[in-house]
Amino acid sequence: MLYFFAFVWYNTMGAGILLAERQTLLSLRDISPNRGITRNYSLFNIHYSLFWKGGITLTEKELRKKAMALPLNPGVYIMKNKDKKIIYIGKAKALKNRVSSYFGSHSNHSLKVIRMVENVDDFDYILCDTEFEALVLECSLIKQHMPKYNILLKDDKGYNYIKVTKGEFPRIKECYRPDGEDAEYIGPFISTFSVKNAVEETLKIFKLPRCNKKFPRDYGKSRPCLNGFMGLCSAPCNGRITKEEYQSNVKDAVAFLKGGSKTAIKDMTAKMEQYSEDLEFEKAAKLRDRIKAIKNLEEKQKVFAINVSEEDVFALVNSSRKACFDVIRFKGGMLTDSEHFIIDSVDNLAEARFELIERFYSMREGIPARIAVDGEVADEELLREHLEALRGKKLEIIHPQKGEHLAIVNMCIKNANEQLAQTQGRLGKELSALEELASLLGLAKPPEYIESYDISHTFGADNVAGMVVFHNGRPMKKAYKRFSIKGFDGQNDVGSMNEVLTRRFKHYYEDGEDSTFKIKPDLILLDGGEAQVNAVLPVIKEMNIDVPVFGMVKDSKHRTRAIAFDGGEIAINSHRRVFTLVSTIQEEVHRFAITYHRTKHKKSSFSSGLLKIDGIGEAKAKALLKEFKTISAIKEASVDELCRVKAITKKNAEDIKNYYT
């Protein structure tokens, strides 16, 4: 039996401990893992006023003092804002340690936690005997109060139906709920995924239209669409099928949806044999093709089959602003459902997986015998114990490293990437590349904003640097910057890189808010190896910039082969997405830097010749180049044409002509 003792502790100015309680009926379900017995308990829901302060808002210092008075027991803490509304509920193995960590230094806190703490006016807590009991209570309270700062999954899943319209040309569609139209509704089904797939495959097998044309109004009045040309539709719009044949196809399709593939194949085989005996070979051939299509569908489904009767697969893909939690569910070895949830970006993947999996099963029926996860889960044993209590049986949590289970986890990750990509307006392959790059480099999150630098010169002359930016895996050209090296002359790529990064982050601190220099990158990639990285790291550290820095190393054929860091190299050739992304970045920064260098070197070369002419300084040389564009044009110009340039006197023009003749 579980015993919960509720206390309110507050210690200030030696006033001791105040205890105020009010009993309310909080429903808590305790499911015994041993007996599977369900019990209901009444808990104390603590509401109190600060008699000694008259309800005045507590400062963060006072909140920390209150937190430090908490016991080192398991329990649940309840954060409230100034309106006494619950904004966060958490569990803790040791309440004092956990709650006090919120108040004080925020150096290790994420922005989300800092925002939450800023809104905390007070907190309550409930003591529990064990951490497991704390988890059960936390789940119950979160479900009841839905606090703003907890990770919450929006449950928009309802019952789904397959709709078969009436009329001369019935249509088969998926629908969320019966809409009142005079139609036949097959269902309800819990899985939107299953309904959608069933309708798509049925329309394909029985060659029924998917278009928005209305029949009989549009019957035989237009050319068939691409589906008609590909043989995926019987094309009633072109009159290829009679009304009676169409209705027969719909009738067979409905029987297939209701009875399943085995029953449908059995019935169609009998009909096909009958048609053959009656010498109606054309009808028999159509049924033969339909049976083949159903069998092909079954073979396609077997691609996703796994050697376990039931399993749920979870993947969490995180970006700087949003994250996607994806679930694929298998039953009988077949993929039966797929869901995804878009949430705010998470700070700790392991803790987020724990919360998300727990929240998912608080919304969904049926906990399987095995759960596959794409990464570490915080307090995994506690989560397993909780799910086993809900299930009433043992279950296994696995982290696949090879084989078919890993392939399915990767499929789940891919689905999450695609969903997150659609939400953020970018391609899934780009997000996948950033995810893979983050994993390879040991970054906490995919680098959304990447800056890359390259140095270009001609034997130490006209030293320049180029900075390119890739945002969400794509070039962000409005943020590109060019640097002319000012600190020294001669060939020194390491010194140049040091100067450029110093100047770049001076802009970060000094520029106005509208400058793209004010955006701190998630990752810096330098064109070069360990020497360039080591030249930049002291600058980054000295200027208090917390950004990871890596180099991009090329092979003898000037192709990207590895990523350099302080102490070694990471080969990327075997990581296709990362290799493509890093190669693209390296090529782009090289192109940008060398283009700037060529422009500067060209002008420098042109100007250097003109500057040797008496009376021609930099201003006049620039004016001449602006007017004539090239030295060749200046050579061919007449004295009168040269004199038309502002500031060029007749003597200057004659000297120019004499110099080039």
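Where is P216 found? P216 sits in the loop between α5 (192-205) and α6 (226-229). The model is predicted. Its chain has 661 residues, and buried residues make up 47% of them. The secondary structure comes to 19 helices and 21 strands. Among contacts between residues at least 6 apart in sequence, 60% join residues at least 24 apart.

- Strands of a sheet pair through backbone hydrogen bonds, either parallel or antiparallel.
- Strand β3 covers residues 75-80 and is joined to β4 by 6 bridges. The two strands run antiparallel.
- Y77 stands opposite G90 in β4.

**Helix α4 against helix α10**

- Two packed helices are described by the angle between their axes and the distance between the axes.
- The axes of α4 and helix α10 (residues 380-391) come within 10 Å. They cross at roughly 65°.
- This crossing of α4 and α10 is right-handed.
- From α4, the contact uses E131, F132, L135, V136 and C139. From α10, it uses L382, E385, H386 and A389.
- By class, the contact of α4 with α10 has 6 nonpolar, 1 polar and 2 charged residues.

**Helix α13 against helix α14**

- Helix α13 (residues 493-510) packs with helix α14 (residues 530-542) at an angle of about 30°. Their axes are 9 Å apart.
- The angle makes α13 roughly parallel to α14, because angles under 35 degrees count as roughly parallel.
- α13 passes α14 in a right-handed crossing.
- D493, V494, M497, N498, L501, T502 and F505 are the contact residues of α13. In α14 they meet A531, Q532, A535, V536, V539 and I540.
- The residues of the contact of α13 with α14 divide into 9 nonpolar, 3 polar and 1 charged.

**Strand β18**

- In strand β18 (residues 523-527), 5 of the 5 residues are buried. The strand is therefore largely enclosed by the rest of the structure.
- L523, L525 and D527 point one way from β18. I524 and L526 point the other way.
- β18 is joined to strand β19 (residues 549-554) by 4 bridges, and the two run parallel.
- I524 stands opposite V549 in β19.

**Two residues in helices**

- R503 belongs to helix α13. Its relative accessible area is 22%, so R503 is partly exposed.
- Leaving out residues up to four places away in sequence, R503 touches F483, S484, I485 and K486.
- R503 and F483 are 20 residues apart along the chain. Their C-alpha atoms are separated by 9.0 Å.
- S100 lies in helix α2 (residues 95-100). With a relative accessible area of 8%, S100 is buried, because the limit for buried is under 20%.
- Leaving aside its neighbours within four places in sequence, S100 is in contact with R64, A67, M68 and L95.

**Backbone points in the loops**

- Most residues other than glycine have a negative phi, and most peptide bonds are trans.
- The peptide bond from F215 to P216 is cis, with omega near 15°.
- K207 also lies in the loop between α5 and α6. Phi of K207 is near 55°, a positive value in a residue other than glycine.
- K207 counts as partly exposed, at 37% relative accessibility.
- D379 is not a glycine, yet has a positive phi of about 50°. The place of D379 is in the loop between β12 (370-373) and α10.
- D379 is partly exposed, with a relative accessible area of 40%.

Conventions. Residues numbered from 1 in each chain as written. Predicted model: local features only at pLDDT ≥ 70, side-chain atom pairs only at ≥ 80, totals over all residues. Heavy atoms only, no water. Pairing = 2+ DSSP bridges. Axes fitted to C-alpha atoms, helices over the stretch in contact; angles between N-to-C directions. Parallel < 35°, antiparallel > 145°, perpendicular 65-115°, else oblique. Left-handed = near helix turned anticlockwise from the far one by under 90°. Contact = heavy atoms within 4.5 Å. Nonpolar A, V, L, I, M, F, W, Y, C, P; charged D, E, K, R; others polar. Buried < 20%, exposed > 50% of the residue type's maximum accessible area, 1.4 Å probe, protein only.
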